[in-house]
Amino acid sequence: MNWTDFWDSLGQFGTEIDRWLRHNRKLSGWLMLAVSVGAGLLVNLIVTQVVRLILRRRYSEVLGLLRHYIRNAFYLFIPALFFLVITNIQERAFRRFPYASKAAEVIFVIATTWLVVQLLKVGERLIIRQYDTASDVNLHLRKFVTQIRFVRQFVSILVIVIGFSILLLSFNGGRKIGLSFLTSAGIASVVIGFAAQRTIANLLAGIQIAFTQQIRVDDAVVVENEWGRIEEINLTNVVVRVWDRRRLILPITYFIEKPFQNWTRSQASVLGTVLLYLDYLVPVERVREKAQELVENNPLWDKEVCAVQVTDIQPTCVVVRILTSARNSGESFDLRCFIRENIIAFIREEYPESLPKTRFQQVEEARTHGL
C-alpha cells in the first residue's frame, strides 16, 4: 500500500464521517461538545504538568503565584472556552438545544470574570513582593501597599459588576438591566439609590482611608481599648490583629467616625513611662543614675530620651516617673518591663528603706487633762 492509497482511504473515511454527522445532527452536536470539553481538560492537564515540571527544576515566583491563585479558575476557563467555540461553530446542530449555547455563554462569562479577579491578585502580589511592611519605619512603603490593595479590591468589584452586566445582556429579559449597569447614567442611579446603605458608606470610607492614610497596613493602633496592628484593610471592614493573637473586626467607617490612637501615623518612635511609688527617703539622684545606666546597656533604647523626675507627692509616698524612648511600641513595652524589674531590684537591695510604707505614730494618752 503506497501513500496515495493511504491518503485516498483517509479522505474517504473523512467523507463518511461528515456524511454520518449530517444525518445525525443531534448526536454530532453532543459529540462535538464532549470532544471540546475533553480537549479543554487535556489542555489543562498539559499546562499543569509543564508548570509543575518547571517549578521542580527551577522555582519561579511568577509561576508559583499563578499556580496558587489561578489554577482553579484556569481549570474552568479552558473547557468553557472550548465549549463556547464549539457551540458557535456547530450552531445548526444546537438549534434544537438553545440551552446548550446559553449555558456556554454563561459559564464562559463566569470563568472569565473569576480568572480576571484572580489575575488581579497575582498582579498585586508581584507589585508588593519587594516591599517589607513588617518594619515600623517603612511608613511610605506601607502607604503604597495599602493603596495597591485597595485599588485591587476596587477594580475586582468593577470586574464583577461588568461580568454580571454581561450575563444580564445575554438574556432578553435582563437586557435593559444590563445596559443600565454598563452606562454611566445607570451606574450613577445605582450609586444614588444605594448611597444611604451601609455598604456604600463603608466603600466611600474605604476610598477616603486609602488616600488620606489615617491607617495603613501594619500600623500600631489602639481601638476599643485594645492594642494591635492593622492586618487587613478591606472595602468594608478592617481587621486588627490584637497583641494576644485575637482578631478585632471593625467596619471601616469606625476609623472615620470615632477617635482612635495610631502610634505609627507619622513615625514609629514612642515614649514609654514607668511610674514608681516610693518613700520620701528615696535618693532620687541614685535612681536617676541607675536608670541611665540600665538604658545605656540595653539595645532597645534608641538613645534619644531618658529622664527621671518626681512628678507627684502623695501623703504616703512620692511618684517617680522614668521616661524613655524606643524605636517602636513593641520595643518600648519590653524596655519598660526591663527598667521596672531592675529598678525595683536595685531599690530593694541598696535602699530598702525607700520602699513605700505606711507610718503609724502612737501617742501616749495624757494622764492629766492639763497636758
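Q: How do you know that H10 and H11 are in contact?
A: In this predicted model, contact requires heavy atoms within 4.5 Å, and on that basis Arg 286, Val 287, Lys 290, Ala 291, Leu 294 and Val 295 in H10 meet Phe 338, Ile 339, Asn 342, Ile 343, Phe 346 and Ile 347 in H11. Sorted by class, the residues of this contact are nine nonpolar, one polar and two charged.

Q: Why is H10 called oblique to H11?
A: Two packed helices are described by the angle between their axes and the distance between the axes. For helix H10 (residues 284-296) and helix H11 (residues 329-350), the axes come within 10 Å and cross at roughly 135 degrees. Angles over 145 count as roughly antiparallel and those from 65 to 115 as roughly perpendicular, with oblique kept for the rest, and therefore H10 is oblique to H11. The crossing in which H10 passes H11 is right-handed.

Q: What makes S6 and S7 edge strands?
A: The open sheet to which they belong has three strands in the order S6-S8-S7, with antiparallel pairing. Strand S6 (270-278) and strand S7 (301-313) each have a single partner strand, so one side of each is left without a neighbour in the sheet. From one strand to the next, the twist averages 20 degrees.

Q: How do you know that S7 and S8 pair?
A: Pairing calls for at least two bridges between the strands, and S7 is joined to strand S8 (residues 318-326) by eight bridges in the antiparallel sense; one example is Val 308, whose bridge partner in S8 is Ile 322.

Q: Which strands do the helices H10 and H11 lie across?
A: H10 lies across S7 and S8, and runs at about 160 degrees to S7, whereas H11 lies across S6, S7 and S8, and runs at about 20 degrees to S6.

Q: What makes S4 and S5 the edges of the sheet with five strands?
A: This open sheet has the order S4-S3-S2-S1-S5, and the pairing is antiparallel. S4 and strand S5 (261-262) have a single partner strand each, and so one side of each lacks a neighbour in the sheet.

Q: How do you know that S5 pairs with S1?
A: The cut-off is at least two bridges, and strand S1 (residues 220-223) and S5 meet it, since they pair over two bridges in the antiparallel sense. Val 221 has Asn 262 in S5 as its bridge partner.

Q: What joins S3 to S4?
A: Strand S3 (residues 237-242) and strand S4 (residues 247-251) run antiparallel and are joined by five bridges, among them one that gives Asn 237 the partner Pro 251 in S4. Their hairpin has four residues between the strands, and Arg 245 takes a positive phi near 75 degrees there.

Q: Why is Arg 152 called buried?
A: A residue counts as buried under 20% relative accessible area, and Arg 152 has a value of 19%, so Arg 152 is buried. Arg 152 lies in helix H5 (residues 139-169) and, leaving aside residues up to four places away in sequence, touches Leu 120, Lys 121 and Glu 124.

Q: How many residues does the chain have, and what share of them is buried?
A: The chain has 371 residues, of which buried ones make up 34%, and it contains eleven helices and eight strands.

Note on methods: Residues are numbered from 1 along each chain as its sequence is written. This is a predicted model: local features need pLDDT of at least 70, side-chain atom pairs count only at pLDDT 80 or more; totals for chains, interfaces and linings use all residues. Side-chain values use heavy atoms; hydrogens and water are left out. Axes are lines fitted to C-alpha atoms, for helices over the stretch in contact, and angles run from 0 to 180 degrees between N-to-C directions. Angles under 35 degrees count as roughly parallel, over 145 as roughly antiparallel, 65 to 115 as roughly perpendicular and the rest as oblique. A crossing is left-handed if the near helix is turned anticlockwise from the far one by less than a right angle, and right-handed if clockwise. Ala, Val, Leu, Ile, Met, Phe, Trp, Tyr, Cys and Pro count as nonpolar, Asp, Glu, Lys and Arg as charged, and the others, Gly among them, as polar. Buried means under 20% relative accessible area, exposed over 50%, partly exposed in between (1.4 Å probe, protein chains only).
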